[in-house]
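Trainee: I would like to learn how to read a few features from a structure. Can we work through one together?

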Amino acid sequence: MNFWILQSLNGLSYGMLLFLLAAGLSLSFGLMNIVNLAHGSYFLVGAYVGLTVMERTGNFMAAVVVGAISVGILGLLMQRLLLRRLTDHLAQVLLTIGFLFILGDLSLVIWGGVPQIIPKPPLFEGPIRIMESVFPSYRLLVIGVGIVVAIFLWWLQDRTAMGANVRAAVDDEEMAGSTGINVALLMTVVFGLGAAMAALGGVVGGAFLTIFPGQDMDVLLLALVVVIIGGLGSLKGAFVAALLVGLLDNFGKALFPELALFTIFAPMAIILAIRPTGLFGRA
Amino acid sequence: MDKRIGVIGSIVLMIALLVSCGPGATPAPTPTKAPVAAPTAAPKAAEATPTAAPAAKPTTAPASQPTPAAKAPTTPIKIGILTTLTGVFAAPGADLRDGFLLYLAEKGNKLAGREVQVIVEDDEVKPDVGLTKAKKLVERDGVNLVLGVISSGVALSAGPYLAQNKKVFLITNAGADDLTQKAANPYIFRNSFANSTGGMVAADWGYKQKGWRTAVILGSDYAAGWEWTGGFARVFTDLGGKIIQELYPPLGNPDPAPFVSQLQKADVTYVFQAGADALSFVPAYAQYGVKARPQPLIGNYGITDLSILPKQGEAALGVLQGGPFAEGLDTPANKALTKAFKDKYNRDATIFTEPAYTAGRMIEKALEAVKGNIEDTDAFVKALETVEIPDAPRGAVKFDKLHNIVSPFYVSEVQRVGGQVNNMAIATYPNTTQFFKWTPEEWLKMTPLSEMKGKWVK
């Protein structure tokens with residue numbers, strides 16, 4: 001019993017982190033048709049920036065905010081100056097994979113190759129007792145952050161004018177443009193938001209997953225799996241899929257550690273076979 | 001939509017391949033099928049030339065210096081450093097390289113009267129790349145000796161090639177037991193450690209000094225993890241202790257949660273974790289309340305190595321290790337090395353520095369014995385076999401018959417000393433060999449530890 005509760009909490013907290021990471025990727029894929037492989041770099045660079053801010057100020061909130069905003073701006077610029085000009089998938093893949101390598105190597109030069117970890121806020125440093133088991137309070141915080149962000153995004157998409165504009169632009173870009181919506185600007189903003197969220201995930205995750213060269217590639221893979229399972233462009237899909245992958249990964253490792261990758265990829269293959277558009281994707 | 005799924009599907013596949021080809025899974029390839037041509041782009045293969053080579057060489061040796069043996073050529077000795085400079089092990093790889101370069105710099109780039117030219121190659125932690133780079137060092141650069149190597153996978157693929165070509169290969173990190181046991185070779189030396197020894201020392205000390213009788217073992221799921229934890233389990237069970245749980249997280253598993261949260265109650269937890277895995281494991285061990293049970297944590301000496309220890313915070317205090325070295329070791333040579341390294345490179349020397357630094361001394365001593373004539377490989381090998389350094393940073397070191405190091409081993413503990421955390425030795429096992437309390441014959445008859453995974457819990 002104890003085992004199942006603890007491992008579920010582990011999986012949920014990991015899944016929430018995956019949601020922060022993958023939500024932006026899903027949006028840019030589904031809404032803007034952009035294949036962005038540099039998304040993993042946003043996570044990594046955000047984590048490193050957060051680390052530097054944390055070391056300078058000792059303030060975790062500042063680390064989160066600066067990390068997310070700086071990478072958000074990086075995303076805005078990338079979309080505005082480069083990605084927007086490319087409509088061909090192959091060109092996008094080549095360009096963004098180039099960025100993946102460049103940002104990865106730049107991080108190695110700036111922050112070195114030694115693995116790093118962001119100090120946790122002192123309030124969430126210790127363990128918490130849940131019935132007879134012990135669980136890190138920080139991971140509960142991660143679950144909380146994930147839920148708050150999910151609600152915020154849902155509100156943004158479903159309850160605001162901006163969200164309505166985005167949905168209109170997705171359904172018919174030209175028609176939306178002719179009604180006076182500045183589609184280009186909208187896309188840039190959404191793209192930047194996605195990058196900022198990945199960076200937020202980087203800072204939050206950097207405090208318990210560590211940060212190291214090559215992590216950009218690892219998390220990109222997970223984000224792509226989440227997006228494929230959840231369906232392109234669906235926030236609800238990204239949320240459900242992220243929790244699913246988090247739980248699968250955790251229970252997979254706990255029960256069959258030798259099949260660590262299999263427990264993620266097998267469900268992905270099955271879902272693709274049954275529902276090629278993902279759980280919540282539209283055909 | 002379907003088309004797009006296809007696009008990302010193939011991308012996922014590509015990245016999965018990229019990731020799985022990384023250091024996480026590095027099977028040793030068959031050494032015979034190495035690519036003939038050097039890779040088209042050798043990324044970041046740093047060519048380290050001597051820092052202060054004299055502008056012009058004097059045409060005649062100064063009268064005050066004894067002329068070297070008649071046969072020894074006056075050309076520079078070429079030494080290849082095969083190490084890792086990109087990817088997960090970039091930092092340890094640089095510590096290894098700089099350890100050797102520091103020794104050379106202290107000697108004015110001369111060993112036994114001959115100038116030394118160093119060529120550094122990056123193996124990218126990939127056995128096939130390592131082999132290609134070893135070939136490049138031998139065939140293009142004409143090195144006399146190759147040293148270094150972080151990863152056992154690389155050592156196992158480059159070793160046979162170097163030995164075939166009669167080049168001395170001095171391993172200063174890679175710990176796979178096989179390298180100086182089943183795959184032992186006259187031309188292969190190792191001055192770091194064999195994986196299993198650190199675990200054996202930890203078990204012996206804990207059983208006898210701490211009265212531990214039950215243990216949980218947890219090791220990264222690859223050869224090093226099996227051998228370190230296997231060494232612990234073999235000695236622990238041999239003494240009468242009991243292993244009650246074995247866990248093997250994949251290598252490169254930054255989230256230890258699924259494993260830490262199911263650790264059973266025992267007298268002690270023995271782990272092998274390295275790099276980023278170790279960095280997150282030690283805090284998680286405290287945050288999941290295992291440390292406070294109390295259940296002491298003892299592991300390989302990399303779980304709290306000095307490059308990650310300050311970041312592990314309070315959770316690391318009291319963590320124990322068994323290994324051939326501890327950064328806080330109180331020997332004059334270690335203090336000198338620690339200071340010189342910090343002065344020159346502005347960072348702390350780590351466990352990867354000492355063997356590379358000591359390699360410099362060992363090579364120099366062997367060179368002196370053959371009067372600088374490294375070209376006579378067989379004489380040089382004989383000289384290296386008999387080298388003894390009584391006062392290396394880690395203590396007295398020499399080679400055993402299979403060319404593995406015989407050195408003191410330590411049990412150390414993370415302590416706060418003068419405001420700084422460090423690994424401080426609390427017990428010493430002098431003159432420890434890779435066979436520990438067994439004879440070489442007895443040891444080699446036992447099942448290799450890399451095949452014992454999953455068989456310790458009775």
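Trainee: Is B:Ser307 buried, partly exposed or exposed?

Mentor: Keep in mind that this is a predicted model. B:Ser307 has a relative accessible area of 22%, so the residue is partly exposed. The cut-off for buried is under 20%. B:Ser307 sits in the loop between strand 10 (297–299) and helix 9 (309–312) of chain B.

Trainee: Which class does B:Ile188 fall into, buried or exposed?

Mentor: B:Ile188 is buried, because its relative accessible area is 4%. The residue belongs to strand 6 (residues 188–190) of chain B. Take B:Gly313, 125 residues apart from B:Ile188 along the chain: the C-alpha atoms are separated by 39 Å.

Trainee: What separates the C-alpha atoms of B:Ala356 and B:Val149?

Mentor: The separation is 9.9 Å, although B:Ala356 and B:Val149 are 207 residues apart along the chain. B:Ala356 is part of helix 11 (residues 353–369) of chain B. Its relative accessibility is 0%, so B:Ala356 counts as buried.

Trainee: How do I read a helix pair?

Mentor: Two numbers describe packed helices: the angle between the axes and the distance between the axes. Here is a case from chain A. Helix 1 (residues 2–32) and helix 10 (residues 235–255) of chain A pack at about 140 degrees, and their axes are 6 Å apart.

Trainee: Which word describes how helix 1 and helix 10 of chain A lie to each other?

Mentor: Oblique. Roughly antiparallel would need an angle over 145 degrees. The crossing of helix 1 past helix 10 in chain A is right-handed. In that contact, 19 residues are nonpolar, eight are polar and one is charged.

Trainee: Next, aromatic rings. What should I look at?

Mentor: The distance of the centres and the angle of the planes describe a pair of rings. Over all chains, the count is 24 aromatic pairs. Take B:Trp438 and B:Trp443: their ring centres are 5.7 Å apart and the planes meet at 45 degrees, so this pair is tilted. Both B:Trp438 and B:Trp443 are buried.

Trainee: Which residue has its charged end over the ring of B:Trp438?

Mentor: B:Lys437, at 5.3 Å from the ring centre. Chain B has another such case. B:Lys453 lies over the face of B:Tyr248, 5.5 Å from the centre of the ring.

Trainee: Which residues form an aromatic cluster?

Mentor: One cluster is made by B:Phe193, B:Tyr222, B:Trp228, B:Phe272 and B:Tyr301.

Trainee: Where is a peptide bond cis?

Mentor: From B:Arg293 to B:Pro294, with omega near 0 degrees. B:Pro294 is in the loop between helix 8 (275–287) and strand 10 of chain B.

Trainee: What phi does A:Thr210 have?

Mentor: About 70 degrees, a positive value at a residue that is not a glycine. A:Thr210 lies in the loop between helix 8 (183–206) and helix 9 (215–230) of chain A. With 0% relative accessibility, A:Thr210 counts as buried.

Trainee: And what is the phi of B:His403?

Mentor: Positive, about 75 degrees, and B:His403 is not a glycine. B:His403 is placed in the loop between strand 13 (395–399) and strand 14 (405–417) of chain B. Its relative accessibility is 3%, so B:His403 counts as buried.

How values were computed:
Residues are numbered from 1 along each chain as its sequence is written. Chains are lettered from A and ligands numbered from 1 in the order in which they are written. This is a predicted model: local features need pLDDT of at least 70, side-chain atom pairs count only at pLDDT 80 or more; totals for chains, interfaces and linings use all residues. Side-chain values use heavy atoms; hydrogens and water are left out. Axes are lines fitted to C-alpha atoms, for helices over the stretch in contact, and angles run from 0 to 180 degrees between N-to-C directions. Helices (H or I, at least four residues) and strands (E, at least two) are DSSP runs, numbered from the N terminus. Angles under 35 degrees count as roughly parallel, over 145 as roughly antiparallel, 65 to 115 as roughly perpendicular and the rest as oblique. A crossing is left-handed if the near helix is turned anticlockwise from the far one by less than a right angle, and right-handed if clockwise. Ala, Val, Leu, Ile, Met, Phe, Trp, Tyr, Cys and Pro count as nonpolar, Asp, Glu, Lys and Arg as charged, and the others, Gly among them, as polar. Rings of Phe, Tyr and Trp (its six-membered ring) pair if their centres lie within 6.5 Å; planes under 30 degrees apart count as stacked, over 60 as edge-to-face and the rest as tilted. Buried means under 20% relative accessible area, exposed over 50%, partly exposed in between (1.4 Å probe, protein chains only). A charge sits over a ring if NZ of Lys or CZ of Arg is within 6 Å of the ring centre and within 35 degrees of the ring normal.
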